[in-house]
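Me: I am new to this structure. Could you take me through how to read it, one feature at a time?

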Amino acid sequence: MIKSCTIIYFSPTGTTKKVVKIIADDVAKHLPIHSEPNKGIPYRELDITNPIKDLKETDFTFGKDDFVIIGIPVYSGRVPKLAKKALLSLRGNHTPAALIATFGNRHYDDSLLELKTLVESHGFLVVAAGAFVTEHTVVQKFGAGRPNDEDIRKIHQFANHLANKLHSWNPSNHSDLSIKGNPTYRRYKSIPITPHTIRSQCVTCGACAKQCPAKAISMEHPQKTDRKKCVTCMRCVRRCPQKARSLHKYEEFIAEKSIAKLCRDYKYPEIFI
């Protein structure tokens, strides 16, 4: 019997977190507590978006009776490098895991397969995986309004199938889950654009620097951004209380043109269970 549930997510703009929490809410309420069979198990959250402080090794260690949901956004068809760095700290012991990738109406490419390979090498058994569409992080017109009502229905459907599978979970009966992707992985390409500060609006509060996953913004001089460190996750743009962070218009134009053909057609979620 599953006794605990943990959700782990890298979610700079909050969309991956939203999808993962919908799944966790559904799954947790369908997994009964041994002592209280009419009550679903609670779950805890482990946000790896920012460098994690005050966490012990035990926070990243899981056993056979634990269940973990791991969510990441797709960057260049891959697992974000910053997320991968944090996920390498995980330790499982035949621990069942569900993997979630969110993508901005382009494709999830090798991200789920890469994530599966990573967590399985650290003692987890992947029982389900899903790729769900959200708005594009950089060019929000692509995937605008996603996940929409139909996407949400698919997410709930995935969660219900997952909960049913976990009801009879037994590591000895586990079979390898086949997931799409190229095992050589596509080449990781970072987007060569960086948000800048609108100095007339900036009050140097430092909110952007404190929340930058890549630590690319100086705490002492938050109007400065290290272009070599920036991963264009857009967290600073979404989180700035003064709306003082944005992309240059010509950079937005270039980004839109470079991916327009790939993002033009309506994409659908894909699940593996």
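Reply: Start with a term. Helices, at least four residues long, are DSSP runs numbered from the N terminus. With that, take Lys-249 and Glu-252: both lie in helix H7, 3 residues apart, about one turn of the helix. Keep in mind that this is a predicted model.

Me: What joins Lys-249 and Glu-252?

Reply: A salt bridge needs a side-chain nitrogen of Lys or Arg within 4 Å of a carboxyl oxygen of Asp or Glu. Lys-249 and Glu-252 form one, with the closest N and O atoms 3.7 Å apart. Next, look at the surface. Lys-249 is exposed, at 68% relative accessible area. Glu-252 is partly exposed, at 30%.

Me: How many salt bridges does the structure hold?

Reply: It holds 16. Some link up: Arg-78, Lys-84 and Glu-114 form a network of salt bridges.

Me: Which residue does Arg-153 meet in a salt bridge?

Reply: Glu-150. The N to O distance is 2.7 Å. Arg-153 and Glu-150 share helix H4, which covers residues 149–167. They sit 3 residues apart, about one turn of the helix. Both ends are partly exposed: Arg-153 has 40% relative accessibility, and Glu-150 has 38%.

Me: Where do Arg-227 and Glu-251 lie?

Reply: First the bond itself. Arg-227 and Glu-251 form a salt bridge, and their closest N and O atoms are 3.5 Å apart. Arg-227 belongs to the loop between helix H5 (207–211) and helix H6 (235–239), while Glu-251 belongs to helix H7 (residues 249–263), so the pair ties together parts that are 24 residues apart in sequence.

Me: Is Glu-251 buried or exposed?

Reply: Buried means under 20% relative accessible area. Glu-251 has 4%, so this residue is buried.

Me: How many helices and strands does the protein chain have?

Reply: Count 7 helices and 8 strands. The radius of gyration is 19 Å, close to the 19 Å that the globule rule gives for 273 residues, so the chain is as compact as a globular protein of that length. The C-alpha trace spans about 60 × 45 × 35 Å along its principal axes.

Me: What share of the residues is buried?

Reply: Buried residues make up 49% of the 273 in the protein chain.

Me: How should I read contacts along the sequence?

Reply: Ask how far apart the partners are in the chain. Take contacts between residues at least 6 apart in sequence: 81% of them join residues at least 24 apart. Thr-225 gives you a case to trace, in the loop between H5 and H6. Leave aside its neighbours within four places in sequence. Its contacts then include Thr-194, Pro-195 and Arg-245. At 22% relative accessibility, Thr-225 counts as partly exposed.

Me: Which residues does a cis peptide bond join?

Reply: Check the omega angle. Arg-146 and Pro-147 are joined by a cis peptide bond, with omega about 5°. Find Pro-147 in the loop between strand S5 (124–133) and H4.

Me: Where should I look for a positive phi?

Reply: Ser-76 has a positive phi of about 55°. Ser-76 sits in the loop between strand S3 (66–73) and helix H2 (81–87), and is buried at 18% relative accessible area. Met-234 also has a positive phi, of about 70°. Its place is in the loop between H5 and H6. Met-234 is buried, with a relative accessible area of 5%.

Key: Residues numbered from 1 in each chain as written. Predicted model: local features only at pLDDT ≥ 70, side-chain atom pairs only at ≥ 80, totals over all residues. Heavy atoms only, no water. Helix = DSSP H or I, 4+ residues; strand = E, 2+ residues; numbered from the N terminus. Rg over C-alpha atoms; globule rule 2.2 N^0.38 Å. Buried < 20%, exposed > 50% of the residue type's maximum accessible area, 1.4 Å probe, protein only. Contact = heavy atoms within 4.5 Å.
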